[in-house]
Amino acid sequence: MSIRYDEKTRQLVLETAGTSYIMRIEETGYLKHLYYGPKVGQSDMTYPFRIYDRGFSGNPYDQRLNRAYSLDSMPQEYTSYGVGDFRINTITASYADGSRCAEYKYESHEITDGKYRIPGLPSVYDNGDNVQTLTVTLADTASNIRVRLYYGVFEDLDIITRAAEIVNAGEGTVWLRKAASVCLELPFGKWDMIHFHGRHCMERQPERVPLFHGIHTISSGRGMSSHQHNPFIILCDRGASEDSGPCYGMMMVYSGNHKTEVELDQFDGVRAVMGLNDERFRWELMPGTSFCTPEVILTYADGLTQMSHNYHRVIQNNVVRGEYKLAHRPILVNNWEATYFDFTEEKLLDIAEKAKDLGIDMFVLDDGWFRNRNDDNAGLGDWTPDRRKLPDGLDGLADKITDMGLKFGLWIEPEMVSEDSDLDRAHPDWALTAPGRAPMMARNQLVLDMSRRDVRDYLFDAISSLLKNRNITYIKWDFNRPLSDVYSNAVPAERQGEVPHRYYLGLYELYERLTSAFPHVLFEGCAGGGGRFDAGILYYSPQIWCSDNTDPISRLRIQYGTSFGYPQTTVSAHVSASPNHQTGRKTPLSTRGVVAMTGAFGYELDLTRLTEEECGEIREQIRTYRDFESVIREGRHYRLSGLEDGSRYFCWEYVSRDRGRCLLSIVVTDPLANGPSIHVRLKGLIPEAVYSVGGEFECTGSALMANGYTFTQLTGDYPALQLDIRKV
Ligand code: DGJ
């Protein structure tokens, strides 16, 4: 049993293999958070809290209480609002009389086997493994709002998921103005926050900052989880490292507007609230209806590596779905950086032929294949092939490619429409545009209103007819601009604040319909590279194009940041041309290969222009990747260099599940003449086993982990090396 209620202490205790999460039903009815961290067994966890009168922190109206009892200093599972807790809050609602206060108190709880689900939203699922759900119902009697707090306890995975459902049990309409998914309290300690910021072509850059008194906000209001701020943060002890120290992860399973606030309060307590971004949010909650928040995945671990492993495991096994979840992913060549919009069928077939010759599995046709699409100014929405570029249509091309023995994949951008398209001319009201205003243009395109059923039906039919009876086994689903002018023509004026979230309910519904109708198709997510790299998208597409920046040196940093929360199988990475198209940097083919072998491996350059020597090297890369594919895909990933080392080198390792095989990779970003040698300690090996190290020498796992490995002089332009370390 991973969840129990102890009547004596009034504690609700959630336990996973290595952690305890404890809350207490106070005599007053408030649900107090007591503890989350390493497993503590049966203990009354109230003892560290010293309750005393604190100036300017008021007390609830309750004769049983004295002046020491204040919501303003109490850690809570979900906060009240406007009644004396002045810190960041989880929920704000307004009622017909204009008041906004809410005071949530315990009403009941229930423990059930299995994992709760959230209607219409992606969430972590159980595989029949050791999972229980705790549902605690809180009530605000004056407004008759109930809040159901859901806790999914994945005992074996050291994962606790959380979500909330807000129920209007009263008779009047309630306007929800904020509804967060989770409140996590760390009442004691000194904490750093690691968050993952960035921009287009430079996503998920980790930044570690000590918390200061006040509120830190990490958010996106761009209508996408965004390149700028990933919906994932880590709170870790000041001294925490890869190997040890308390680390808490909070990751949202959502692809739209999000917000995380972390407050270090006057008493040095930390409260972190994560959920939907409330900035443009306003939801009409009619009597008898409820609203479900997206889910947040929590984990606690000793050290950043273990924390990452917890996320990798749960995403790979309990978020990603479908046939490709644990399967080999095809090595592909994508024509985007080879041709951009400028291609003929002949050119594509030349690339495909070369790809086949090199040992590649799949040819992917990117943007530019449909009518009127010679640049990015027109055509989106009209999903019919351009006969001038593809004289035999998509069927003709797909057949010719599959006849070569290659699989065929296709790019689409379903959520978008060009003003210059038949679709926009026929349905100008289908795009998000605010009345009386010229909309912001981005890439000269508009966003379709995914909250509308007719739009989704159109897209389902259009994409289905592309996929039906065709040899298409892969779809790259792109999304190339943020949401602005968010106004739906199908929603009444007073409910426009619902549109940003309804957009994602609509998107997820479409994804669900298509992935169920075409279970054999591998969907890859993309949003101008990694602008929607989140667990929500991963529920539908097992891999995501990690960044539009294919420069291996930039990619090292992007993939390093991505690895904190997301498993290598989800990271799509390609070898591209040198000089690189985004940075102009020249790098050796070998380095590009080493960096792209992170999970979903492929090529994105004009293969027909390679020299014989380069072809030989690519054949060798493909052989290496196939050899290590299962180690990379199923194995554990270890970061062997830290951010501070990144200016000089990046080093990482994949270790097979049975720990018998390891792929050690290094890229030197700044070779130093006569500099200190690069020395790393390996991780995750069997201490007593003997390993052959790249065929050079043999030694024990414990020696490699304690005494490490020294790279000798790696010189030249961004040199890279892969070492095969295997148990003898
Ligand atoms: C942005 C993607 O990230 C690229 O890989 C490519 O598919 C282009 N869009 C095509 O327009």
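1. In D366, a side-chain N or O atom is 2.7 Å from a ligand oxygen atom, and the corresponding distance for K476 is 2.7 Å. Polar contacts here are pairs of N or O atoms within 3.5 Å.

2. The model is predicted: local features require pLDDT of at least 70 and side-chain atom pairs pLDDT 80 or more, whereas totals for chains, interfaces and linings use all residues. Residues are numbered from 1 along each chain as its sequence is written, and side-chain values use heavy atoms, without hydrogens or water.

3. Around the ligand there are 13 residues (a heavy atom within 4 Å). Of these, D366, D367, K476, D478 and D548 come nearest.

4. Helices α9 (residues 552-562) and α10 (residues 589-596) have axes that come within 9 Å and cross at roughly 20°. Axes are lines fitted to C-alpha atoms over the stretch in contact, with angles from 0 to 180 degrees between N-to-C directions; helices are DSSP runs of H or I with at least four residues, and strands are E runs of at least two. The helices α9 and α10 are therefore roughly parallel (an angle under 35 degrees).

5. In contact (heavy atoms within 4.5 Å) are P552, I553, R555, L556 and Q559 of α9 with T591, R592 and V595 of α10. By class, the residues of this contact are four nonpolar, two polar and two charged.

6. The peptide bond from S578 to P579 is cis, with omega near 0°; P579 is in the loop between β29 (571-576) and α10.

Conventions. Angles under 35 degrees count as roughly parallel, over 145 as roughly antiparallel, 65 to 115 as roughly perpendicular and the rest as oblique. Ala, Val, Leu, Ile, Met, Phe, Trp, Tyr, Cys and Pro count as nonpolar, Asp, Glu, Lys and Arg as charged, and the others, Gly among them, as polar. A polar contact is a pair of N or O atoms within 3.5 Å; within protein, one must be able to donate a hydrogen and the other to accept it, and residues adjacent in sequence count only if both atoms are side-chain atoms.
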